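The sequence and the model come first, followed by the notes.

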Amino acid sequence: MPSEVAFHAGSDRTQRRARSVTGNEPTYTGGCLCGGVRYRIRGELRGVIACHCSQCRRTSGHYAAMTSAPSANIELTASDPLRWYKSSDTAERGFCGICGGNLFWKQTGRDDISITAGTLDTPTNLSVEEHIFVADKSDYYVIDDDLPKQQQW
């Protein structure tokens, strides 16, 4: 059963808060592989963080590259197959119940929602800014860029 999350498709609260973003800010769109879940984000996105923790590795098949935005700035334009999985005591993950696309990560008690960067429509004009949980990365690859690397987060 899906859990309650801070943003919902078409909710009055989400629409009121999203309208407060100025018209000069960028707009991003994205969605899952099958198109069953689509979203629009108004406003700036955080740079991409590459998370190498075991949960992100298992949900993505490698590591998760995530950006984020305030939940009030995210509007679900198609959401019927969106499902939420409580992956730990402190976080839940949003995915498509049809194609399995890994879309969102939400930490309990925080307003921001992380968005899997690969689900954004291009161009994104984003870039990876750092790696986190590098102590948990798998053994089949090397992180060999010059970006900051955090053992945890």
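Strands β8 and β9 form a hairpin with four residues between them, and Gly-109 in that turn has a positive phi of about 85°. Helices (H or I, at least four residues) and strands (E, at least two) are DSSP runs, numbered from the N terminus. The model is predicted, so local features need pLDDT of at least 70 and side-chain atom pairs count only at pLDDT 80 or more, while totals for chains, interfaces and linings use all residues. Residues are numbered from 1 along each chain as its sequence is written, and side-chain values use heavy atoms, with hydrogens and water left out.

**Strands around β8**

Two bridges join β8 to β9, and the two strands run antiparallel; two strands pair if DSSP finds at least two bridges between them. Trp-105 has Ser-114 in β9 as its bridge partner. Strand β7 (residues 91–96) is also antiparallel to β8, with five bridges joining them. Within this pairing, Phe-95 stands opposite Asn-102 in β8. β7 and β8 form a hairpin as well, with five residues between them, and Gly-100 in the turn has a positive phi of about 85°. Five of the six residues of β8 are buried, where buried means under 20% relative accessible area, exposed means over 50%, and partly exposed lies in between (1.4 Å probe, protein chains only).

**Aromatic pairs**

The structure holds four aromatic pairs. Rings of Phe, Tyr and Trp (its six-membered ring) pair if their centres lie within 6.5 Å; planes under 30 degrees apart count as stacked, over 60 as edge-to-face and the rest as tilted. The ring centres of Trp-84 and Phe-104 are 6.0 Å apart and the planes are at 20°, so this pair is stacked. Trp-84 lies in strand β6 (residues 82–88) and Phe-104 in strand β8 (residues 102–107), so the pair ties together parts that are 20 residues apart in sequence. Both Trp-84 and Phe-104 are buried. Together with Tyr-39, they form one aromatic cluster.

A ring also takes part in a contact with a charge. The charged end of Lys-137 sits over the ring of Tyr-141, 4.4 Å from its centre; the criterion is NZ of Lys or CZ of Arg within 6 Å of the ring centre and within 35 degrees of the ring normal.

**Salt bridges**

A search of the whole structure finds four salt bridges, each defined as a side-chain nitrogen of Lys or Arg within 4 Å of a carboxyl oxygen of Asp or Glu. The table lists three of them.

| Pair | N to O distance |
|---|---|
| Arg-38 and Asp-121 | 2.7 Å |
| Arg-42 and Glu-75 | 3.2 Å |
| Asp-145 and Lys-149 | 3.2 Å |

The side chains of Asp-145 and Lys-149 meet in one of these salt bridges. Salt bridges that share partners join Arg-40, Arg-42 and Glu-75 into one network. Asp-145 is partly exposed at 31% relative accessibility, and Lys-149 is partly exposed at 32%.

Arg-38 and Asp-121 also meet through their side chains. Arg-38 lies in strand β2 and Asp-121 in the loop between β9 (112–116) and β10 (128–132), so the pair ties together parts that are 83 residues apart in sequence. Arg-38 has a relative accessible area of 26% and is partly exposed; Asp-121 is partly exposed at 29%.

Arg-42 forms a salt bridge with Glu-75. This pair links distant parts of the chain, with Arg-42 in strand β2 and Glu-75 in strand β5 (residues 74–78), 33 residues apart. Arg-42 counts as partly exposed at 27% relative accessibility.

Ile-41 lies in strand β2 (residues 38–42). With a relative accessible area of 0%, Ile-41 is buried. The C-alpha atoms of Ile-41 and Thr-27 are separated by 5.6 Å, although the two are 14 residues apart along the chain. Leaving out residues up to four places away in sequence, Ile-41 touches residues including Pro-26, Thr-27, Ala-69, Ile-115 and Leu-120; contact means heavy atoms within 4.5 Å.

His-131 is in strand β10 and counts as buried at 4% relative accessibility. The side chain of His-131 makes a polar contact of 2.9 Å with the side chain of His-52. A second polar contact, of 2.7 Å, joins the side chains of His-131 and Asp-145. A polar contact is a pair of N or O atoms within 3.5 Å; within protein, one must be able to donate a hydrogen and the other to accept it, and residues adjacent in sequence count only if both atoms are side-chain atoms.
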